Amino acid sequence: MTDQDMPIRIIAAMTGEGVIGAGNKLPWHIPAELQLFRQLTLGGTVIMGRRTFQSIGRPLPGRHNIVLSSTVPVLEGAQTARSFGEALDKGRQAQRPIFIIGGVQLFREALPIADGMYISLIHHPYPGDVYFPPFDQERWRLEKEQPFEQFTLRSYVRIR
């Protein structure tokens with residue numbers, strides 16, 4: 001597999017209404033969903049925006065962390081990139097699966113090029129102020145649904 005073949009996947013949790021955040025935090029605390037996120041991304045590269053990084057508060061252990069920011073030059077335990085393209089280049093150089101983990105602007109930029117998506121659909125309708133961007137359902141095939149008590153994991157692949 002060449003670095004250009006490295007899969008790019010979006011991974012997000014959202015309500016049925018598309019809420020992904022409230023006040024720069026997750027509006028819910030669902031340990032099983034956090035554990036699944038960890039399991040899916042462990043060993044990979046995670047690309048996130050500065051605000052997402054700040055809301056997490058630290059680099060995610062066991063993953064190559066890349067933070068997209070035009071203002072933060074150096075972060076301990078993470079690489080920084082000034083553009084989405086630069087972040088992808090750095091991610092490909094790491095030779096690990098790439099996961100786009102937020103925020104909303106990164107999701108927007110990744111939707112046209114991502115190979116797949118892991119969407120945890122939260123069963124409860126939490127209020128929030130940040131929404132996952134709309135995407136063309138015709139361009140994605142639901143490959144698998146895995147139900148959990150408080151959410152359902154939906155795995156999508158891009159229709160080429």
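Student: Which residues lie nearest the centre of the second largest pocket?

Tutor: The general idea is that rolling a probe the size of a water molecule over the atoms shows where empty space is left. In this predicted model, M14, I119, L121, F135 and Q137 lie nearest the centre of the second largest pocket, which is lined by 14 residues. Its volume is about 180 Å³. Strands β1, β7 and β10 (151–158) each supply at least two residues of the lining, and the lining divides into 8 nonpolar, 4 polar and 2 charged residues.

Student: What is the volume of the largest pocket, and which residues lie nearest its centre?

Tutor: The largest pocket has a volume of about 1100 Å³. Of its 36 lining residues, T52, S55, I56, I101 and G102 lie nearest the centre. The elements giving two or more residues to this lining include β2 (19–21), α1 (31–41) and α2 (50–56). By class, the lining holds 17 nonpolar, 10 polar and 9 charged residues.

Student: How many residues does the largest nonpolar core have?

Tutor: In soluble globular proteins, nonpolar side chains tend to be buried together. Here the largest nonpolar core has 26 residues, and I10, I47, I100, M117 and F132 have the most contacts inside it. Its largest share, 4 residues, comes from β1. Another core, of 19 residues, lies apart from it and includes L60, V67, L75 and Y118.

Student: Which residues is I10 in contact with, leaving aside its neighbours within four places in sequence?

Tutor: With those neighbours set aside, the contacts of I10 include I100, F107, M117, Y118 and F132.

Notes:
Residues are numbered from 1 along each chain as its sequence is written. This is a predicted model: local features need pLDDT of at least 70, side-chain atom pairs count only at pLDDT 80 or more; totals for chains, interfaces and linings use all residues. Side-chain values use heavy atoms; hydrogens and water are left out. A nonpolar core is a set of buried Ala, Val, Leu, Ile, Met, Phe, Trp, Tyr and Cys residues joined through side-chain atoms within 4.5 Å. Buried means under 20% relative accessible area, exposed over 50%, partly exposed in between (1.4 Å probe, protein chains only). Contact means heavy atoms within 4.5 Å. On a 1 Å grid over the protein atoms alone, a cavity is a set of points where a 1.4 Å probe fits but cannot get out, and a pocket is an open set with protein on both sides within 12 Å along at least five of seven lines; lining residues have an atom within 4 Å of a point. Grid points are joined across faces, edges and corners, and a volume is the space filled by probe spheres set on the points. Ala, Val, Leu, Ile, Met, Phe, Trp, Tyr, Cys and Pro count as nonpolar, Asp, Glu, Lys and Arg as charged, and the others, Gly among them, as polar.
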